[in-house]
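Colleague: Hi! Could you walk me through this one, in plain words please?
Modeller: Happy to. Here it is.

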Amino acid sequence: MRLAHMDELAAIMDIERRAHSHPWSEAVMVQYLQRPASVWVLQQGGALLGHAVIRVIAGEGELLTIAVDPKHHGQGFGQQLLRAVLQQFIQQGAEQCFLEVRRSNTPAIDLYERVGFACAGVRKDYYPSAHGREDALIYCLDLRGYDDLV
């Protein structure tokens, strides 16, 4: 995993659009690409396999979005990217990590729980969906003493 470059915007947005039913806009992604240590990519060979956008504020890390190219789903790249992101949070001084996930996104929920995240709450009708709105589950992981990153 490494920091993304602005010239990778098209590749990042291609993955974002194919991986999410309601992807981020290009304008929002550009804003995060302009912030230091915010957009990370997982690369193998010359190909981008996925990306994550993070921020750390006052000791709390937030995973804003994470995506793996759908043609590479089920190969462990999501877990690899998530673990690398957690390392970044720790290096940036975060003591906890938070994220929201669609209630219907069971593969992501399974991944988060395998890594050690616990559900901390619900945001009702948080996400747009094909049939109206969908709840977000709020997940949290205490990073203090977290050593399951190898």
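Colleague: Is Asp135 buried or exposed?
Modeller: Asp135 has 11% relative accessibility, so it counts as buried. Buried means under 20% relative accessible area, exposed means over 50%, and partly exposed is in between, with a 1.4 Å probe and protein chains only. Keep in mind that this is a predicted model: local features need pLDDT of at least 70, side-chain atom pairs count only at pLDDT 80 or more, and totals for chains, interfaces and linings use all residues. Residues are numbered from 1 along each chain as its sequence is written, and side-chain values use heavy atoms, with hydrogens and water left out.

Colleague: OK, and which salt bridge does Asp135 form with Arg103, in Å?
Modeller: The side chains of Asp135 and Arg103 meet at 3.2 Å, N to O. A salt bridge here is a side-chain nitrogen of Lys or Arg within 4 Å of a carboxyl oxygen of Asp or Glu. Asp135 is in strand 7, while Arg103 is in the loop between strand 5 (96-102) and helix 4 (106-115), so the pair ties together parts that are 32 residues apart in sequence. Helices (H or I, at least four residues) and strands (E, at least two) are DSSP runs, numbered from the N terminus.

Colleague: How far apart are the closest N and O atoms of Asp135 and Lys124?
Modeller: They are 3.2 Å apart, and this pair is a salt bridge too. Lys124 is in strand 6 (residues 118-129) and Asp135 in strand 7, so here the linked parts are 11 residues apart in sequence.

Colleague: And how accessible are the two partners?
Modeller: Arg103 is partly exposed, with a relative accessible area of 42%. Lys124 is exposed, at 62%.

Colleague: How many salt bridges does the count come to?
Modeller: The count is 11. Among them is Arg55 with Glu62, at 2.9 Å, N to O. There is also a network of salt bridges linking Asp14, Arg18 and Asp69.

Colleague: New topic: which residues of helix 2 are buried?
Modeller: In helix 2 (residues 26-33), Met29, Tyr32 and Leu33 are buried. They cover an arc of only 105 degrees around the axis, so they sit on the same side of helix 2. That arc is taken from the directions from the helix axis to the C-beta atoms.

Colleague: What do they pack against?
Modeller: The buried residues of helix 2 pack against helix 1 (9-19), strand 2 (39-44), strand 3 (47-57) and strand 4 (60-68). Contact means heavy atoms within 4.5 Å.
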